[in-house]
Amino acid sequence: MVRVRFAPSPTGPLHMGGVRTALYNYLFAKKNNGSFIIRIEDTDQKRYVPGAEEYIQEALAWSGFEADESPAKPGKYGPYRQSERKALYKTYTQQLIDSGQAYYAFDTAEELDEMRDKAKAAKMPNWQYNSVTRNQMRNSLTLSEDETKESIANGDPFVIRLKVPRNEEVRFHDEIRGWVVVNSSNIDDKVLYKSDGMPTYHLANIVDDHLMEITHVIRGEEWLPSAPLHILLYKAFGWEAPKFAHLPLILRPDGNGKLSKRDGDRLGFPVFPLNWTDPTTKEQSSGYRERGYFPEAFVNMLSFLGWNPGTSQELFSMEELIEAFSLERVGKAGAKFDAEKTKWFNQQYLRMQNNEALAQLVFEKAQAKDTSISLETLSQICGLMKERAYFPDDLIADGDYFFSAPTSFDEKTVKKKWKEETPSIMLDIKTRFDETDFSAEALETAFKAYLEEKEIGFGKVGPGLRLCITGLGMGPSLFHICSILGKDETLQRIDAALEQLS
């Protein structure tokens, strides 16, 4: 059975790249009738940020990913926070020590810095603690068994390092990138267990994936350099490794470098799913949800950042994404983020919303402009405005004329369309409208009859009338606008505009 996991660290807000990783894991699991697991990797206590785990859970819930197993929905493979699995890691670390695959290292930070400085002076800047240098250091490989036991008994600080073999070929097949081959001499003896009694990411990750029976590890490209080390760890334990798939980077819109957390808001768009306030600095970062994006649009946009369906289809429901998704169609090259395309996705999903649902979304903002506005009227406004809107707030901002008569008029349209004869034409239209049933259809019929009777074109009447009613030169159906405003308000606006423009 396919089992995949998304394993974020609660060190800050969840980046949209992290959400994409969760999405691809979720789609792969559901496509293969498998399980999607959320595991919180909180072993790095120094970088732990209060509220980050709650943020991760809320962001994934908003995005529509329901985990089969998680801290909030535990299963038989729990606990699902690494900090609650602490005893496990000590046991497995000791197993590596006993088998000779790992060793104690008592070197202080000062001693390590000294070795790096010596290597740098000898023009060997990339010093590593590895199969060559470990024999010059203070560890259980160079100390006697009694000295090692004495140091531990004395409470001397230590870490436990993996004993990486020298000059050994490490091979694994990546589901996206094909075969990856690395010589073990290029891998240092990574720390597996720290002096604070917590495992490093590398050890905890491998132990947890094995115990949780993870079959596929689908993660970001930034973890590709660590994959050979993880293969060595699986080999050291005598376990079968899962299949690996390393996703391409999400790049800035100009393609110049990875889209980072620091790019949020600086480039004019959010990079987080939800708003975030740093608990220490109080610095605020905006999120897609609060900017007015629909979760379906956000997910649809993310799905295309590295994957393509092989067809011209661009709009997918979650069910359609699950059906279409495959790792074979995930590319190796970085995917450029396109802020305008993201807005386009949201526009499409906004158009799909029914008018009543949109009215509920913006009702509070509408009431701030007009306390007497009803949901029924607001639904009509939303239906009229949504073809041109990108975000729900646009329905109110771009339709301001529904809530108050214009006090200014588009200068370009006035200059081009408000002629000497326009006031008399507007008075004629006012008279016709006063005698007309105020449905959009009846208003349009009366308007067209006037044009035919006077033998004049729409361009001599329509723009001027729109100026009177909305103050703008363009917009949705003028007759529907008038119908929503009602007879009294429409006629009053014509009078007010004539007074001001004439």
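Author: Start with helix H7, residues 227–237, which is mostly covered: 10 of its 11 residues are buried. Buried means under 20% relative accessible area, exposed over 50%, partly exposed in between (1.4 Å probe, protein chains only). Helices (H or I, at least four residues) are DSSP runs, numbered from the N terminus. This is a predicted model: local features need pLDDT of at least 70, side-chain atom pairs count only at pLDDT 80 or more, and totals for chains, interfaces and linings use all residues. Residues are numbered from 1 along each chain as its sequence is written, and side-chain values use heavy atoms, without hydrogens or water.

The buried residues of H7 include Leu-229, His-230, Tyr-234 and Phe-237. After H7 comes Gly-238, with a positive phi near 80 degrees.

Now compare helix H16, residues 440–454. The expected span of a helix is 1.5 Å times one less than its number of residues. The 15 residues of H16 should therefore span 21 Å, and its end C-alpha atoms are 21 Å apart, which agrees. Ala-440, Ala-442, Leu-443, Ala-446, Phe-447, Tyr-450 and Leu-451 are buried in H16. An α-helix has 3.6 residues a turn, so residues three or four places apart point the same way. Contact means heavy atoms within 4.5 Å. The cover over the buried residues of H16 includes helices H15 (422–434), H17 (462–470) and H18 (478–485). Glu-455 follows H16, with a positive phi near 55 degrees.

Last, the cysteines. A disulfide is a pair of cysteine sulfur atoms within 2.5 Å. The count is 0 disulfides. The sulfur of Cys-482 is 9.9 Å from the closest cysteine sulfur, in Cys-468, too far for a bond. Cys-482 is buried, at a relative accessible area of 0%.

How values were computed:
Helix = DSSP H or I, 4+ residues; strand = E, 2+ residues; numbered from the N terminus.
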